[in-house]
Amino acid sequence: MKDIRRLLFDYLLETGINQVTAKYLNMFALLLVLLIILYLTDFLIRKLVRVTFINLARKTRTHFDDLLITNKVPRNIAHIIPLLIALEFIPHVLFQFEWLENIVEKGLKVFAIILTLWIVRSLLNTLEDYFKTLPRLKDKPVDSYIQVFMIFAWIFGVFGAFAIVSNIKFLEFLAGIGTASAIILLIFKDTILGFVASIQVSINDMVRIGDWITFEKFGADGDVIEINLATVKVQNFDKTITTIPTYALISDSFKNWRGMVNSDGRRIKRALIIELNSIHYLSENETDKLKDIQLISEYLNTRQKDIETYNESHNIDKSLLLNGRNLTNIGVFRKYVESYIEKHSAVNKDMIIMTRQLEPTTQGLPLEIYCFSKDKRWQNYEYIMADIFDHLIAAVPYFNLRLYELPTSTGFGTIQKKSQ
């Protein structure tokens, strides 16, 4: 090997070229030959490895090997052999330049670390893509785990590179870094918080990809499309994207609608506000008119008989409606609303159905409808709720009740005409 290395050098000396120039020309010639060998070797191995992987991918049913090719795993692996050849022959190429040999060897070792990180990253990206094709892992924050592994890999890679450049043993270098741990924690604070939050989110099953969440602090209201180490991406219903820090899912409060989506119905909870001065006892004539409403006619007949029996048995003076037991228009309307909801085809009868009075306010008496629609899809849910309240709002006047609303300019004009 020695004769071959010095072959050009000796020849140049014989031709009368000075020793320094001969050394440099010899080095450049050997370096050129090595670079050509490395290029050809890398080219041939890349082709060979790629063809091998493609043929293997065609023969197997799994998509994992296809993903390996897509993420350039074979291409990165093919660089290993040319790198080993370079490490082996660089001392022979630079045998006359020890200072340069030392620098190049360190550079190749650092490149070996970078190449290892490339291969690891390609493999992790392949695993990430493969896991996302598995139905049971589609809603898991796979991105976060991949990023955590990649961060640790880069940290060890950077430390290893510094150890090579500084000629310090790796373990000794790590010990030195330990003294600067406070600075490291400060620099990687968000990353550490995100890492811890990702683990807690996954273990506690707080959020999955595809969940509908509402996070008022960040203005998010939509479906989770990505969970990674630092952020959670939410596609709002207006198709905008909101980015939320992952650790905010632990530190702040948000609403996850998964329970509703997985349940048998979506809640309808809305109130009609009845004017208090429109509420009164029902006279016999009013009760008879309301019996024409088929949905509550049977109830009115039964209820009226019970009331009359009670009043007669207790000798109640009914010349004044206040005495004894009586029907009220709000009570009959509440029964009508409840009966209407119970018979509505879009309401889930197996879940709670309730019509209740809330505490009176300055606007009036809220009459709240509480039930669950069978269809949970947003558009259909809104249609069902609107259909129910269209009917109930139109039904209010039949019971001599009025809904509260703020006076309008038209309303003030009517009042002025009446006063004149």
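A charge is taken to sit over a ring if NZ of Lys or CZ of Arg is within 6 Å of the ring centre and within 35 degrees of the ring normal. In this predicted model, local features need pLDDT of at least 70 and side-chain atom pairs count only at pLDDT 80 or more, while totals for chains, interfaces and linings use all residues. Residues are numbered from 1 along each chain as its sequence is written, and side-chain values use heavy atoms, with hydrogens and water left out.

The charged end of Arg-270 sits over the ring of Phe-389, at 5.5 Å from the ring centre. Arg-266 lies over the face of Tyr-381, 4.1 Å from the centre of that ring.

The chain has 17 helices and eight strands; these are DSSP runs (helices H or I, at least four residues; strands E, at least two) numbered from the N terminus. Of the 420 residues in the chain, 34% are buried, where buried means under 20% relative accessible area, exposed over 50% and partly exposed in between (1.4 Å probe, protein chains only). Contact means heavy atoms within 4.5 Å. Among contacts between residues at least 6 apart in sequence, 63% join residues at least 24 apart.

Two helix pairs were examined. Axes are lines fitted to C-alpha atoms, for helices over the stretch in contact, and angles run from 0 to 180 degrees between N-to-C directions. Angles under 35 degrees count as roughly parallel, over 145 as roughly antiparallel, 65 to 115 as roughly perpendicular and the rest as oblique. A crossing is left-handed if the near helix is turned anticlockwise from the far one by less than a right angle, and right-handed if clockwise.

Helix 5 (residues 80-93) packs against helix 6 (residues 98-132) at an angle of about 170°, with the axes 10 Å apart. The two helices are therefore roughly antiparallel to each other, and their crossing is left-handed. Helix 5 contributes Ile-80, Leu-83, Ala-86, Leu-87, Ile-90 and Pro-91 to the contact, and residues of helix 6 that take part include Val-104, Leu-108, Phe-111, Leu-115 and Ile-119. Ile-81 also lies in helix 5 and is partly exposed, with a relative accessible area of 43%. Leaving aside neighbours within four places in sequence, Ile-81 is in contact with Thr-41 and Ile-45. The C-alpha atoms of Ile-81 and Thr-41 are separated by 8.0 Å, although the two residues are 40 apart along the chain.

Helix 15 (residues 329-343) and helix 16 (residues 378-395) pack at about 155°, with an axis separation of 11 Å. That angle makes helix 15 roughly antiparallel to helix 16. The crossing of this pair is right-handed. Phe-333, Tyr-336, Val-337, Tyr-340 and Ile-341 make the contact from helix 15, and Asp-387, Ile-388, His-391, Leu-392 and Ala-395 from helix 16.

A search of the whole structure finds ten aromatic pairs. Rings of Phe, Tyr and Trp (its six-membered ring) pair if their centres lie within 6.5 Å; planes under 30 degrees apart count as stacked, over 60 as edge-to-face and the rest as tilted. The ring centres of Phe-111 and Trp-118 are 6.0 Å apart and the planes stand at 90°, so this pair is edge-to-face. Phe-111 is partly exposed at 32% relative accessible area, and Trp-118 is partly exposed at 30%.

Trp-212 and Trp-257 form a stacked pair, 4.4 Å centre to centre with 10° between the planes. Trp-212 lies in strand 1 (residues 212-215) and Trp-257 in the loop between strand 5 (255-256) and helix 12 (258-262), so the pair ties together parts that are 45 residues apart in sequence. Trp-212 is buried at 13% relative accessibility, whereas Trp-257 is partly exposed at 23%. Ring pairs link Trp-212, Phe-237, Trp-257 and Trp-378 into a cluster.

Lys-233 is located in strand 3 (residues 231-236) and is partly exposed, at 30% relative accessible area. Residues up to four places away in sequence not counted, Lys-233 touches Asp-223, Val-224, Ile-225, Glu-226, Ile-241, Thr-242 and Thr-243.

Most residues other than glycine have a negative phi. Lys-239, in the loop between strand 3 and strand 4 (241-245), has a positive phi of about 75° and is exposed at 62% relative accessibility. Asn-315 has a positive phi near 50°; this residue is in the loop between helix 14 (294-313) and helix 15 and is exposed at 70%.
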